[in-house]
Structures are given as structure tokens and as C-alpha cells.
Amino acid sequence: MFLFSDSQIKDEAFVEDINNILNAGEVPNMFAADEKMQILEAVQPAAARQGLETPVQLWGYFVSQCKRHLHVVLCMSPIGNAFRERLRANPSLVNCCTCDWFSEWPVDALAAVAMKQLREMGLESATCKSLVGLCQAMHVQVQSASERYLAELGRHNYVTPTSYLELLSAFRALLESKTAANSAATKRYNVGLEKLAGSAAQVAGMQQELVAMQPQLVATVAEVEQLMAQIAHDKKVEVEPKAAIVREEEARAQEKAAVAKAIKDECEADLAEAIPILNDALTALDTIKESDIVYIKKLQNPPSAIKLVMEAVCVVLDVKPVKGKDESGKPITDYWKPSLGLLADKDLIGKLKSYDKDNIPPKWVPAPAGTHAVQLLLILTPAMLLAWAVVCGQQGELLQLAWSSGAAARLCCCRIMAAIRSTYL
């Protein structure tokens, strides 16, 4: 049996093919040549028993068997003009078919169908009976309203059994969605109740623990109050006096820090003034000629300033002095003879240039009082000393002034370096 409803008609050609089947038992050009040969071969044994042998006879036998055994059932709604147009275009739908017109269902049929479907939904009998009456009333009232609509306005509103089945299907879908929502809400409420019960049990347990710990809590509060009183007493007796001492020491430290900052600022100012002089002295060192060193070596009785400068050069280059006596016979340390040997060194200028002036040995830093050579050493580098020695003949007055005081020595050195710049640059 071939069941075909109007809801399956996607193209009107479907209805035309159904019309051909009802009329001739086949659809023209439905099978290709190779498929047709296979069909003929399949029906040949049965057709041969009836004396049919030619291809036309075999094909006619196949078509007759299809007509005999194929039953076509068409389900179409009479609503609208589509049914009328299909009957007009395909007359076999009427001529070759037995038409069964299904009118509206009686009340008993509506009740039976509704009861069957509602029981499948798992509803109780009393609820099903109430819903059956409700569904019947809704369907009958819609039919009555449609008849009045046709009588008053002349327009059709078709109410068929399918509409009744759709009503029951809509009720089933609504019932399932609401049942699922209620199940989820019930589950949510049950979980909440379980959590509330668990929380109540925990609160009861904590209350019991709190009652059991109440004596210990009272004792702890008393101990804390006693400890706070002890801390307040210790703070008053010990901490506050020490804090006053600390504040005094902090004030003294701040004063010393201010003094140190002033010294630092002064040193930085002196350093800012001395750095250009040092750079100029290094430049002046490049201008010293061999003839200048030869001139100093030829001096039999050099001025005291030259001796002083060469003594400083020997000290920084770690050249040992020789023992001697002055005119009164007093033992002295003589640096002039080692200075002559130092002046004979051809690499003297290079040693002075590469001297590590930033890492002077600590034993020379705390200069003894009256040791003018070391005082001068702390102000000038060896490179400056040798350049100074070359021009000391013209700057004797300045050299005598350098030893009057520490500040005067720094000022004198600055003036000497200015003289060196004016002489060599």
C-alpha cells in the first residue's frame, strides 16, 4: 500500500505521477533502458508460464501485476482551492479512486481519542475525565463559531479532526514542558532544603562547641586584659623613656647628617672646580718636553718647591728616599737623589698618565701634621706634580703660599693650575 498525503506534496509533478499510476498503472519514462531490461528478466519466468515471451508482452505483464497488487491511498484536505485545482488538473484522482469523505467526529469519538492520548501522558483518571470534557467543549465551540462566521461573513474557517489532534498535541507539549520545569524547581527546592538542614546541624554543633568553650573564653579574656595592662605599664616605664632617648639621638643624627651634607656639598663644589683643572693638567702633561726634564736634572741646587714636588712624585710612585744630613747635621730623608733617577726614566710620563689616581693607598690619606708633600699629594695627581715642577721657577711665590693653611693650599693649587694653563696651553 502506498500512502500519500497532501502535506508531502513538494511539487505538483508528484500529483501528476500519481494520476498516471492510477490511470495507466505506470509512470512514463520512469525506468532507464538497462533498468527496464532487468525488470523484464525478473518477470520472464512468471510470464512464460502464461505464454508471454515478447518484450511488449513481458512489460504488459509487469504493469498488470503492479495494477493488481499496488494499492494507493491519498489523504487530502478539502480546505482551500488547492484540492479543487488538483482534481480539475488530474481527473484520475476522482475517476480511478473511491472517495471517502470524513466529516466531523461525533462527541463520542472526540472523547475516545482524547481519553486514549491523555492516558498515554500518565495523567490520573479523574484528571483525564475533566480534560476530555474540556477538549470536547473547546472543539465543539470552535465549530459553532466557524458556522456563525460562515453565515455572517461568508468566509470559511475549517475545523477538522486534524485540528482536534493538533489541540491534543499542543497540550502534550505544554504538559511536558511544565512537568520538566516543575521537576527542575522541585529538585532545586529539595537541594536547598538539604543544605538548610545541613547548615542547621552545623550551627547546632557550633553552638554546643561555643557553650563548651565559654569558660575557656572567659579565662582567655581575663588573660588578655592582664596582658594589656602589663603592656601599658611596660610602655610607660620602659618604652617611653627609650623613645625619648631615641628621639634625642635622632635629632643629633639629623644635625650630623646636615653637617655631613654641607661637607658633601662643599666637596662636590670643590670637585666640580677641580675636575676641569685635572683635565687641563693631564693635557698640560702632554706638552712637557724632554728639554724640560733635562733642565730639572741639571739643577745642582734646585729650589725647595721643585724638591717638594719631586718628593711628592716619589711618594706616590713608591720610590724610597735615601738617608742624609742637613747643614746643621740633623738626619733627614733625601728624595732628590731618587728624584734624579726617576727623571732618568724614559717612561716617566707614561707612568704619570696611567697612574690610578682614584685608588691612592690608604696609608697616604691620613697625612701627618706638617707633611706638606702628602697634603699636596691629596690635592694634585702625579701628572699635575710634574707639570708643576716644570714651571715652579716662575711660580715660587704661589708655592710658598700653598702651605699657610689647608684652604689656602687648595686655592694656591687652583691658581698654580691656572698659571700652568696660561703657560702651556
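## Pocket lining

By class, 26 nonpolar, 12 polar and six charged residues make up the lining of the largest pocket. Here Ala, Val, Leu, Ile, Met, Phe, Trp, Tyr, Cys and Pro count as nonpolar, Asp, Glu, Lys and Arg as charged, and the others, Gly among them, as polar. The lining has 44 residues, and Met76, Pro78, Asp100, Trp101 and Phe102 lie nearest the pocket centre. The volume is about 1,500 Å³.

A pocket is an open set of points on a 1 Å grid over the protein atoms alone, where a 1.4 Å probe fits, with protein on both sides within 12 Å along at least five of seven lines; lining residues have an atom within 4 Å of a point. Points are joined across faces, edges and corners, and the volume is the space filled by probe spheres set on them. At least two lining residues each come from helix 1 (12–24), helix 3 (55–69), strand 2 (72–75), helix 4 (82–89), helix 5 (92–95), helix 7 and helix 8 (161–285).

## Model and confidence

This is a predicted model, in which local features need pLDDT of at least 70, side-chain atom pairs count only at pLDDT 80 or more, and totals for chains, interfaces and linings use all residues. Residues are numbered from 1 along each chain as its sequence is written, and side-chain values use heavy atoms, with hydrogens and water left out.

The chain averages a pLDDT (the predictor's confidence in each residue, from 0 to 100) of 77, and 82% of the residues score at least 70. Residues 366–385 fall below 50, yet this stretch has 44 contacts in the model beyond near neighbours in sequence. Residues 388–425 are also below 50, with 57 such contacts. Contact means heavy atoms within 4.5 Å.

## Overall fold

The protein chain has 16 helices and four strands. Both are DSSP runs numbered from the N terminus: helices are H or I, at least four residues; strands are E, at least two. Of the 425 residues, 24% count as buried. Buried means under 20% relative accessible area, exposed over 50%, partly exposed in between (1.4 Å probe, protein chains only). Among contacts between residues at least 6 apart in sequence, 64% join residues at least 24 apart.

## Nonpolar cores

In soluble globular proteins, nonpolar side chains tend to be buried together. A nonpolar core is a set of buried Ala, Val, Leu, Ile, Met, Phe, Trp, Tyr and Cys residues joined through side-chain atoms within 4.5 Å. The largest has 14 residues; Ile296, Ile306, Met310, Trp336, Leu342, Leu343 and Leu348 have the most contacts inside it. Helix 9 (290–298), helix 10 (304–316), helix 11 (336–343) and helix 12 (348–353) each give two or more residues. Helix 10 supplies the largest share, five residues.

A second, separate core has 11 residues, among them Ala114, Met121, Cys128 and Cys135. Back in the largest core, leucine 342 touches Val313, Cys314, Leu317, Val319 and Leu348, leaving out residues up to four places away in sequence.

Glutamine 136 sits in helix 7 (residues 125–153). It counts as buried because its relative accessibility is 16%. Beyond neighbours within four places in sequence, glutamine 136 contacts Val107, Leu110, Ala111 and Tyr164. Serine 92, in helix 5, is also buried, at 6%. Not counting residues up to four places away, serine 92 touches Asn19, Leu22, Asn23 and Cys97. Its C-alpha atom is 9.0 Å from that of isoleucine 21, 71 residues apart along the chain.

Asparagine 29 lies in the loop between helix 1 and helix 2 (33–48). It counts as exposed because its relative accessibility is 80%. Asparagine 29 has a positive phi of about 55 degrees, although it is not a glycine.
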